[in-house]
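Please consider the following structure with its sequence.

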Amino acid sequence: MVDELLKQAKLALQLALDAGANDAVAGLSDGYSTSFTYRDGKLEEVKQSASRSLGVSLYVDGRYSNHSTTDLRPAELKRFIQDAVELTKHLERDPFRVIPDAKLFANRAQLDLDQVDRKASELNRDRGLEWLREMDAEAHADTRVISASSHLGYGYTASARVTSNGFSGTRESTGVGYGSSITLDEPGGRRPEAGRHVGHCHRDALPEPVTTAKEALRRAVERLGSTKAPSAKAILVIDPEAGSNVVGRLIGAMSAGAIQQKRSFLANKKGERVASELLTLTDDPLIPARQSSRLFDGEGISARVMPLVENGVLRNYYIDTYYGKKLGWDPTTGGTSNIRFGLGTKNQEQLLADAGSGFYVNSWLGGNCDGTTGDFSLGIRGHKIENGKKTGAIGEMNITGNVLELFSNLIAIGNDPYEYSSYGTPTLVFKDVQFSGQ
């Protein structure tokens, strides 16, 4: 399929140049997806989609525009691109909108990223419904369950991209994911709920569907008897599945766009310590069998391993061509791939024992973070930590503070990175975190 997409992309590129564009980028994408929702013993929803679409970026006399279409018939495509070029001629000039430098396309890694799995691509309705029935039965294994929904999704995507200054590349990947969400009945009208959801490009990398539903039920049962603990400054232990929320606040501030628009608390901090010396973060797009891996980014910039934070010191920003031009900086890459941590040596049980007392957080209930200052307030759910063990469930509480202060107070990192997210966050332990409760 990718060879056909590449051929069509090259045709669209030539049409753009023939219509008067000085430079152009053409990208074709194709794929299909299927998803099911199964609720309380019944199939509730089925969604299927399949589409092929073209996107073109046009550079015309110092002006720039983006256009997309799903009508790829030759005559209509030619007319569409001609009209798009004419429209671009009437836009305002933008000297910072230039096609990425061809030098950025060089030295692309020659690596099989192993993102296509036959077992994922060959999933079908019958097998999917069998999984969902098994998950639903397991999710209802407790008499206190008043509602449970399970979902399954799978699909395949392929794409090709070409530019007028020499870039050519293709991608393809599969994906499969499933999980359950469960609500329990509790005296007093409370409705504790929890879930478990996993996804990967390889089917065999996932736990069995019924195991996933069983874990969702266990988590929901753990929510019974949830209370609001007294306000305190205490140790915070964050579960790997919840860690991307806070790590994402730090990484989001590394965007050149946020810096140029004065919305980043990491502006002017490259080369400075921004976190505990325990924190080392690397953007690694070249890890095989990961959905976020890539040989090139959205601009065609060749993928490379990029240090973000080394022993607490900020090393790089995410810089695309446009904001790089505005800031006078060389591009690195425009967005994240896989975030890899420098790991510790202890598992979560050992870290809880070391903490002694405090709070363990495994999910979030809304909140906000000011990207300019780093100040945040986040709703939490989890458990108290007493005598080095998770005890009673807590909820309706917030943590407040500042992202830079929080990461400066990082005192331990686990050896247990979360496998089903591009943010492979391990257990994280912070000291002196302000909890607001009773």
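The backbone oxygen of Pro307 lies 2.8 Å from a polar atom of the Asn316 side chain, which places the two within the limit for a polar contact (a pair of N or O atoms within 3.5 Å, where within protein one must be able to donate a hydrogen and the other to accept it, and residues adjacent in sequence count only if both atoms are side-chain atoms). The model is a predicted one, in which local features need pLDDT of at least 70 and side-chain atom pairs count only at pLDDT 80 or more, while totals for chains, interfaces and linings use all residues. Residues are numbered from 1 along each chain as its sequence is written, and side-chain values use heavy atoms, with hydrogens and water left out.

Asn316 belongs to the loop between strand E10 (313-314) and helix H8 (321-327); here helices (H or I, at least four residues) and strands (E, at least two) are DSSP runs numbered from the N terminus. With a relative accessible area of 13%, Asn316 is buried, a class that covers values under 20%, whereas exposed means over 50% and partly exposed lies in between (1.4 Å probe, protein chains only). Apart from neighbours within four places in sequence, Asn316 is in contact (heavy atoms within 4.5 Å) with Met254, Lys270, Met306, Pro307, Leu308 and Thr332.

Strand E9 (residues 306-310) is joined to E10 by two bridges, and the strands run antiparallel; two strands pair if DSSP finds at least two bridges between them. Val309 has Leu314 in E10 as its bridge partner. These strands belong to an open sheet of four strands in the order E10-E9-E8-E11, with antiparallel pairing. E10 and strand E11 (339-341) stand at the edges with a single partner strand each, so one side of each is left without a neighbour in the sheet.

Another open sheet has six strands in the order E3-E2-E1-E4-E5-E6, and the pairing is antiparallel. Its edges are strand E3 (63-69) and strand E6 (193-200); each has a single partner strand, so one side of each lacks a neighbour in the sheet. On average, neighbouring strands of this sheet are turned by 15 degrees against each other, direction ignored. H1 packs on the sheet and touches E1, E2, E4 and strand E5 (168-184), its direction making about 55 degrees with that of E4. Helix H2 (residues 74-88) also packs on the sheet, where it touches E2 and E3, and its direction makes about 155 degrees with that of E3.

Within this sheet, strand E1 (residues 23-39) and strand E2 (residues 42-60) pair in the antiparallel sense over 17 bridges. They form a hairpin with two residues between them, and Asp40 in the turn has a positive phi of about 50 degrees. Gly31 has Ser51 in E2 as its bridge partner. E1 also pairs with strand E4 (residues 145-163) in the antiparallel sense, over 15 bridges. Gly27 stands opposite Gly55 in E2, and its bridge partner in E4 is Arg161.

Ala12, Leu15 and Ala16 in H1 meet Leu77, Lys78, Ile81 and Val85 in H2. Leu15 is buried at 16% relative accessibility. Glu4, which lies in helix H1 (residues 2-18), counts as partly exposed at 43%. The C-alpha atoms of Glu4 and Ala160 are separated by 8.9 Å, although the residues are 156 apart along the chain.

A further helix pair is formed by helix H4 (residues 125-139) and helix H5 (residues 209-222), whose axes come within 8 Å and cross at roughly 25 degrees. That makes H4 roughly parallel to H5. Trp131, Glu134, Met135, Glu138 and Ala139 in H4 meet Pro209, Val210, Ala213, Lys214 and Leu217 in H5.

Key. Axes are lines fitted to C-alpha atoms, for helices over the stretch in contact, and angles run from 0 to 180 degrees between N-to-C directions. Angles under 35 degrees count as roughly parallel, over 145 as roughly antiparallel, 65 to 115 as roughly perpendicular and the rest as oblique.
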